[in-house]
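User: Could you walk me through how to read a ligand site and some salt bridges in a model like this one?

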Amino acid sequence: MSINPRDYSYYKETFKGQTMPFAFVDLDLFDENVKQLALRAGDKQIRVASKSVRVSQLLKRVFDADPIYQGLMTFTAPEAVWLSQNGFDDLLMGYPIWHEQYINAVCEELKKGKTIVLMLDSVEHAEHIEEIGKKNDCIIPVCLDVDMSSDYPGIHFGVWRSSIFGKKDALKVAERIKECRHVKLDGIMGYEAQIAGLGDAVPGKAMMNGIIKILKKNSVKEIAKRREEIVLGIKEMGFNLRFVNGGGTGSMETTRQEEQVTEITVGSGFFTPTLFDDYSNFKHLPAAGYAIEVVRKPKPGTYTCCGGGYIASGEVGPAKQPKVYLPKGAKLTNQEGAGEVQTPVEYPGNLELGDPVFMRHSKAGELCERFNTVLLVSDGKIVDEIPTYRGEGKCFL
Ligand SMILES: Cc1ncc(COP(=O)(O)O)c(C=O)c1O
């Protein structure tokens, strides 16, 4: 079975007769990504970021593929509870939650013997969780989120998440946790977004790529030192950490070199959306996409399709638009981009009314918020149609 490259006629033939729009996952490419990501992790475990998949059957497929995949990083409490009730375990909440009702629901799962770890980065978080843990008569495992950004003159290279910037801040929160009877420190996480989520080989941006590479190189050294100091400091306090989590799809080569790190979080690499095409350290395969139908031909070389405008979250810019994937050479127009109901596509070749145009989203999991199901393809055939979170009636964020 050949897995590369895919061309227009391959998918057109595979999906012949299928109504559009539809989303699909090419299982041959997905499985290859699962394999390659496992190789990139070196001797670390991989925690799967559920937000970048949002299809529970595909999450299961990843765990079944290789024991290197252990545990999920989840994005909301209702999601973590739902996954827990559907057979998943070892769930690390990637982000803090606050509402008492959400923490109560987590306690219910903990009491059944499941592992759901809450994320925190402040004394206030710890005290709040302690209070709710006490009411529930429950010991709640938590993970300390450490800021992994680098500050350079005029540039905050990274994201704004945690209020823990260094060892002193970390130990202060850890001291408070030590006094808690209903909070247990289970792990430490640091997400170096500026390494993991920022491409440094973007075509046509040679100068920017060069600057990003230098910033990344400096930042990697700095954050490794920071993470080590914090982890060792916390261990010296007598905490027995179950895990130290770091990184993301784009940073595996550097995160895996840190001795203290036990696991790397990976999500986007499984589908490999367009924002993960342009890194110098890896190349994965475009495993997910969607098809829209040509319904008009306003002028020669322009084919207008129904729907297609699935713009990704974050800072607004052209990179957040979907890209025309196939046929090769087809592209969105600058003036309209991908539209809510109509998407004109410029293409020098010939397309007929009713033909598909295959698109790729710029982010991974967000595509699944637009479709109830994804069609699974292998070896030129549709082998299954399975629900996304949406299709299971779940809209978490
Ligand atoms: C806390 C955290 N860790 C890790 C990741 C990495 O995930 P991905 O592999 O999808 O880039 C993310 C993604 O945004 C994240 O928010």
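Analyst: We'll take the ligand site, then the salt bridges. This is a predicted model, so local features need pLDDT of at least 70 and side-chain atom pairs count only at pLDDT 80 or more, while totals for chains, interfaces and linings use all residues. Residues are numbered from 1 along each chain as its sequence is written, and side-chain values use heavy atoms, with hydrogens and water left out.

User: Which residues are closest to the ligand, and how many surround it?

Analyst: A residue counts as near if one of its heavy atoms lies within 4 Å of the molecule. Here 14 residues surround the ligand, with Ser52, Tyr95, Thr249, Gly267 and Ser268 the closest.

User: Which polar side-chain atom lies 2.6 Å from a ligand oxygen?

Analyst: For a polar contact, look for a pair of N or O atoms within 3.5 Å. Tyrosine 95 has a polar side-chain atom 2.6 Å from an oxygen of the ligand, and threonine 249 also has one at 2.6 Å from a ligand oxygen. For lysine 51 the distance to a ligand oxygen is 3.3 Å. The protein covers 92% of the 380 Å² of accessible area that the ligand has on its own (Shrake-Rupley method, 1.4 Å probe).

User: Now the salt bridges: how many does a search of the whole structure find?

Analyst: Side chains of opposite charge can pair when their charged atoms come close. The cut-off is a side-chain nitrogen of Lys or Arg within 4 Å of a carboxyl oxygen of Asp or Glu. The search finds 26 of them. One is arginine 61 with aspartate 31, closest N and O atoms 2.7 Å apart. Arginine 61 is in helix 3 (residues 56-65) and aspartate 31 in helix 2 (residues 27-40), so this pair ties together parts 30 residues apart in sequence. Helices here are DSSP runs of H or I, at least four residues, and strands are runs of E, at least two.

User: Are arginine 227 and glutamate 192 buried or exposed?

Analyst: Buried means under 20% relative accessible area, exposed over 50%, and partly exposed in between (1.4 Å probe, protein chains only). Both arginine 227 and glutamate 192 are buried, and they form a salt bridge with closest N and O atoms 2.9 Å apart. By contrast, arginine 61 is partly exposed at 33%, as is aspartate 31 at 27%.

User: Which residues are linked in a network of salt bridges?

Analyst: That network links Arg47, Asp90, Lys184, Asp186, Arg242 and Glu263.

Definitions and conventions: Polar contact = N/O pair within 3.5 Å; in protein donor to acceptor, adjacent residues only side chain to side chain.
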